[in-house]
Amino acid sequence: MKQPTFTAVIAAYQIEKYADDLFRSIEKQTLPADELEVVIVDDGSRDGTLRKAQAWASRSKLQVIVKTQTNSGVAAARNLGIDLARGSWIAFVDSDDVLDRNYFESLANFIRRDVNSAASMLTSRSLIFNEKKGTAQDNHPLAWKYRRGDRLVSLEREPHVIHLAGHATIVRTNVVRENNIRFSSLVKPAFEDAHFIGVYLAQFSEPVIGLVASARYYYRKRADGSSLIDTTWIKAEKYTNEPKYGHLGLLEYLHAKKGHVPLWAQNTVLYSLYWYFRADRMIDSPLKSVPSDLLDQLWDSLYRIFEYIDADAIRNFNLVNYGWALKEGILRHFKNSSIIQSKNTIGYMWNADDVRRATRKIGYTFVGSAPIERIFLNGEYSTDAVTKSIRHEAFGRTLMYERVLILPRVYKVEVFLDGRKIEIKKPVGDSKKKTTFLSAPKRLQLASGKYIPAASEMVRRANRSSGLKRIKHGCLALYLKISEESWITGQNRLRVSFRLIERVASRYMSRLKARKMKSRDQETVVVAKSDAMAAKYKNSWIIMDHPARADDNGEHFYRYLQNNHPEIPILFMLKRDSADWNRLAADGFNLVGYGSTEAVYSTLNAKYIISSHIDSGIYDPVSRHRFGPSPARRIFLQHGLVMNDLSRWLNTKGLALMISSSPQEFASFVGDGSTYKFTEKEVVLTGLPRHDSLIGLRNTHTIERNFMSFAPTWRQGLVKEIANAPDLDTKKSILTKSQFYIGWNSVLQDLRVRETANANNLQMLFVLHDHLSKYKNLFDFGAHVKVVSFSELKVQEFILSSQVLITDYSSIATEAAIGGSSVAYYQFDADAIFNNGHTFTRGWFDYAENGFGPVLDSPEDVSSWVSERSLAGWGLAEQYEERLNLTLPVLDGTASQRVLSAIMNTGNPLFPEWSNQIARKSQ
C-alpha cells in the first residue's frame with residue numbers, strides 16, 4: 001500500500017453534534033484519496049461520536065482508522081494517533097472544526113514548491129468559524145503572519161512569527177518518531193499544543209516554519225460557549241499544570257537541549273502569559289474566583305519562568321499590547337530592570353502638564369521599600385509636591401509601585417533617590433504589532449505556484465481599491481464568501497447567497513448612513529465652534545445624574561448653585577422623555593436634552609462636566625468619536641459611598657476632581673500603596689450634595705414611615721443569563737431558580753417577617769436595581785410584596801418612608817442610615833459575590849466592621865433581627881449611630897458648598913509661590 005503524504009490525527013470526544021461537518025469536509029478533499037490517511041481516536045465519548053466515526057470509516061473512499069480508548073484526555077488520544085500514523089506528515093485536526101476543501105492539496109502544493117525541503121513544520125491559516133452567525137472571520141491575533149501569502153520563515157531571523165495552535169500544525173512524522181516527541185498529559189487545560197510544537201522545533205538547529213496561507217482551517221467558535229477556550233479559566237490546572245509543566249517545562253527543555261532559550265520560544269511564552277495578565281486585569285476578572293493557594297502556585301511558576309526570559313525580550317515584545325505599566329511591572333518585579341535601560345533609576349516624564357494648575361507630573365517605579373526621595377526645583381531643595389505610590393497588582397500580589405510626583409511646572413526638576421540622581425525620560429510604550437516581513441534568502445524561497453486568496457483577503461483588496469478594480473474585487477470577494485460560508489455550514493449556496501447579500505446590503509446602508517451622519521456631524525461641530533455658540537455656552541457647567549433620571553448628587557448640587565450662585569452658567573442634561581424632565585423644568589432648571597444637537601453645542605464649549613455617574617455616556621455625554629473631545633474637565637460627584645475597590649474602572653477616567661464623603665474612603669483613593677492612581681490633587685473630602693438635602697428633609701419634614709424595604713443590588717451573571725434566554729418562560733425559569741431569587745424569596749415569605757410588617761402597618765417593598773428593572777414582570781413574591789423599580793421612586797422620600805431597609809451590598813444602606821431607618825445587610829451569597837459572582841472587588845469597607853447594621857446570612861437571622869428592631873422602636877442602634885458619625889463626619893448640610901470650593905480650585909495654581917516666582921522671572 002502506498003505511503004500517504006498526510007495522516008490527519010483527530011482526537012474526538014463528545015462531538016456527535018459536529019462530526020458530520022468535519023467528516024464531510026475531509027471526505028470531499030481535492031487531494032487524491034491515496035495521499036491522505038485519517039486516524040480517529042475516540043477518547044471514551046458517551047454520545048454517538050464513536051458510532052458516527054465508524055459509520056463514516058465504513059463508507060469513506062479514504063483510508064480511515066478508528067480507535068477508541070477509555071477517557072484519558074486529548075494528549076493521550078493524539079499520541080495514540082501518532083503511533084498509528086503512516087503518512088510522511090502528521091496534521092492535527094480538532095474534532096469540531098471544518099477544513100477547506102483544498103486544505104490538504106494546498107499543503108501538498110506548498111511541499112512541492114519548497115524545493116529545498118527547508119520547512120521543519122507547516123502551519124495553516126486559522127479562520128474563526130462563528131457557528132452562531134455561520135460566518136468565517138480572519139481575525140485571529142496572529143493572522144497577520146499570513147497576509148503575505150505562502151512563505152517560508154526562519155525563526156532565528158523572525159522570532160516574532162510564533163505558532164501555538166496544534167489544530168493548524170503539520171509536522172514531519174520521522175522527526176516526531178525518532179525523537180519520541182509526544183503531547184504531555186501534564187500540560188492542561190491549554191498550552192499543550194504550544195509545548196509540543198516548541199519541543200518539536202527544538203530538534204532543528206534552525207527551525208523553519210512554512211506559513212501556508214492557502215490552506216484554510218476553520219476553527220469553530222461554538223454557539224453554546226462550550227469550547228475549551230471558553231471554559232479554561234475555571235479549571236485549577238490553569239494555575240498549576242499549565243504554567244509549571246507547559247510554559248516552564250518548555251523553557252527548561254530548550255535550555256537543557258540548546259544551552260539557551262531561543263527568542264521565538266520566549267515570545268511564545270510571553271504571548272501565552274499575556275492572556276493570564278489580561279484576564280486578571282479585567283473589571284469582571286474570571287480570576288476573582290480562583291483560590292489563593294492556586295494563585296500561589298502560579299506565582300511560584302512565574303518566578304521560575306522569568307528566569308529564562310530575557311529583559312530585552314520583554315521590552316521588545318509587541319505581538320499583543322502588554323501596556324507600559326504591565327511591562328514595567330514585570331521587568332521591575334522579575335528582572336530588576338525597567339523598560340528604559342540605565343544604570344540609574346529612570347524617572348518617566350509623562351505628557352501630563354496641567355497648564356491651568358501649573359503642574360508637571362513625573363513618575364518612577366520601585367519594588368519593595370520606598371527609596372529616600374529628595375526633590376530640587378530650579379536648583380533649590382523643595383518639599384512642594386503632591387505624591388502618591390500606586391500599587392500595581394497581578395494575581396493577588398503586588399507587582400510594583402509606581403511613584404507619582406505632581407510638581408510645580410518649573411524650568412528644572414531634579415529628583416534624587418537614596419542619594420543618586422534619576423534620569424528623567426519620556427516613557428516608551430508598545431509599538432504596533434510587528435507585521436513587517438524580511439526578504440527571504442534563496443534557500444527559503446518557494447518555487448512559483450498558483451495562490452488563490454481567501455475571501456477575507458479579497459474583501460480587504462476590494463476595500464482598498466476603487467473604480468472597476470473595486471467592482472471586480474468585490475464580485476470575486478462575494479463569490480468566495482458564498483463558497484466559503486456554504487462549505488463551512490453545509491447549507492446550499494442559494495440560502496447562503498440571500499443571507500450574505502442581506503448582510504452586504506445592510507452594511508452598505510449602514511456605511512451610507514454613517515457617511516451622511518458624518519457630514520451632518522461635521523456641520524454640527526462647525527456650528528458648535530461658531531461665535532454665537534461660544535457666546536451662549538462658553539465656560540458653561542454641565543451637570544448630570546443618569547441620562548434617564550435625576551434626584552442624585554447632580555440635581556442637588558445644581559439646586560445649591562441655582563439658589564446661591566446665579567452668576568455661574570449652569571445647565572442640567574437629561575433625556576427629554578425622563579419622568580423628571582417636567583418636574584425640573586417647573587423648578588426653573590436650565591435643561592438640555594441628552595442626545596440633542598444642543599447637547600453637542602454645550603458639551604463642545606463647556607468648562608466642566610459634573611456628574612454623579614461616570615459611565616461612558618456620561619463622562620462623554622456626546623460621542624467623542626463623532627464630534628471630537630470636549631475641552632471640559634470631568635468632575636465626579638459620586639453615586640454613593642465607594643465601599644469596594646473600583647480602581648480598575650475609575651483609573652481609566654481622566655478625572656480633574658472626584659469628591660469623597662468618608663475619611664476611610666478618601667484614604668483608599670489617595671493613600672500610598674492603594675491601587676487607585678488618584679492623589680490629593682484630584683480627590684477632596686466634601687460629603688455628598690444629596691446628603692445636605694436628606695438631612696434637611698429629615699429635620700424639617702414629618703414623613704410617615706410605612707415601608708419595610710428590601711433593596712438588593714443586581715447580579716451580573718444572572719442578568720446576562722436572563723438577557724440571553726430565548727423567551728419569557730425561560731427567562732422566568734432562570735430567575736426563579738437562581739440563588740438570588742430563592743434567597744430573597746425565603747425572607748419575603750418568612751412568617752415572622754410578614755407578621756412584624758403587618759403589626760407595624762408596614763408595606764413590604766422590593767426595590768429592583770436599574771439592571772433588573774426591565775425584568776420587573778418576572779418578579780412575583782405574592783400580593784403582600786409590592787415590586788417597584790428604583791427609577792419609579794423619589795429616592796429621598798422613599799428613604800425617609802422606610803422604617804427598615806434591608807439590602808445586601810448596596811451603598812443605599814448609607815442613605816437609609818442617614819435618614820434614620822433601621823439597616824441590615826442580608827448576605828446569603830457573600831462567598832460567590834466576592835469570588836466573581838459580581839463586579840465587586842473588596843475594598844476598604846468591611847460590612848461587619850464598617851456597616852451601619854448587622855450582617856445576616858439566613859432568613860432566620862433576618863426575621864429575628866426585624867422582630868428585635870420592632871420591639872426596640874426601630875431606628876439605628878447606638879453602636880451604628882456612632883459608627884455613622886465616625887464614617888461620615890461631614891454630615892453638616894454644607895457639602896455642596898465644599899464641592900463648589902473644590903471645583904473652583906481646580907483652575908488655580910497648585911503651588912502659587914512657584915507660579916509667582918516663574919512669572920516674575922519671565923517679566
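Visitor: How many salt bridges does a search of the whole structure find?

Guide: The search finds 50 salt bridges. Here a salt bridge is a side-chain nitrogen of Lys or Arg within 4 Å of a carboxyl oxygen of Asp or Glu. Before we go on, please keep in mind that this is a predicted model, where local features need pLDDT of at least 70 and side-chain atom pairs count only at pLDDT 80 or more, while totals for chains, interfaces and linings use all residues. Residues are numbered from 1 along each chain as its sequence is written, and side-chain values use heavy atoms, with hydrogens and water left out.

Visitor: Which residue forms a salt bridge with D20?

Guide: The partner is K52, and the closest N and O atoms are 2.9 Å apart. K52 lies in helix α2 (residues 49–59) and D20 in helix α1 (residues 16–27), so this pair ties together parts that are 32 residues apart in sequence. Helices (H or I, at least four residues) and strands (E, at least two) are DSSP runs, numbered from the N terminus.

Visitor: Where do D21 and R220 lie?

Guide: D21 lies in helix α1 and R220 in strand β10 (residues 208–221), so their pairing ties together parts that are 199 residues apart in sequence. Their salt bridge has its closest N and O atoms 3.0 Å apart.

Visitor: Are D21 and R220 buried or exposed?

Guide: Both D21 and R220 are buried. The word buried means under 20% relative accessible area, exposed means over 50%, and partly exposed is in between (1.4 Å probe, protein chains only). D20, by contrast, counts as partly exposed, at 42% relative accessibility.

Visitor: What links D552 and R690?

Guide: Their side chains meet in a salt bridge, at 2.4 Å from N to O. D552 sits in the loop between β20 (541–544) and α17 (553–564), and R690 in helix α24, so to speak a link between distant parts of the chain, 138 residues apart. D552 counts as buried at 6% relative accessibility, and R690 is buried too, with a relative accessible area of 8%.

Visitor: Which residues are linked in a network of salt bridges?

Guide: The network links K481, E484, E485, R499 and R503.

Visitor: Which residues gather in a patch of positive charge on the surface?

Guide: For the general idea, patches are made of residues with over 30% relative accessible area and no salt bridge, with like charges joined within 9 Å and nonpolar side chains (Val, Leu, Ile, Met, Phe, Trp, Tyr) within 5 Å. In this structure, K132, K133, R470, R507, R511 and R515 form the positive patch. Helix α15 (residues 493–528) supplies its largest share, three residues. R470 is found in helix α14 (residues 467–489), and with a relative accessible area of 38% R470 is partly exposed.

Visitor: Let me ask about the backbone. Which peptide bond is cis, with omega near 10°?

Guide: That is the bond from K188 to P189. P189 lies in the loop between α5 and α6. F191 also has its place in the loop between α5 and α6, and F191 has a positive phi of about 75° although it is not a glycine. At 7% relative accessibility, F191 counts as buried.

Visitor: Where is D418 found, and is D418 buried or exposed?

Guide: D418 is found in the loop between β17 (413–417) and β18 (420–421). D418 counts as exposed, at 53% relative accessibility. Its phi is positive, about 50°, although D418 is not a glycine.

Conventions. Accessible areas come from the Shrake-Rupley method with a 1.4 Å probe; for residues, only the protein chains shown count as cover. Lys and Arg count as positive and Asp and Glu as negative; His and the chain ends are not counted. The place of a charge is taken as NZ of Lys, CZ of Arg, CG of Asp or CD of Glu.
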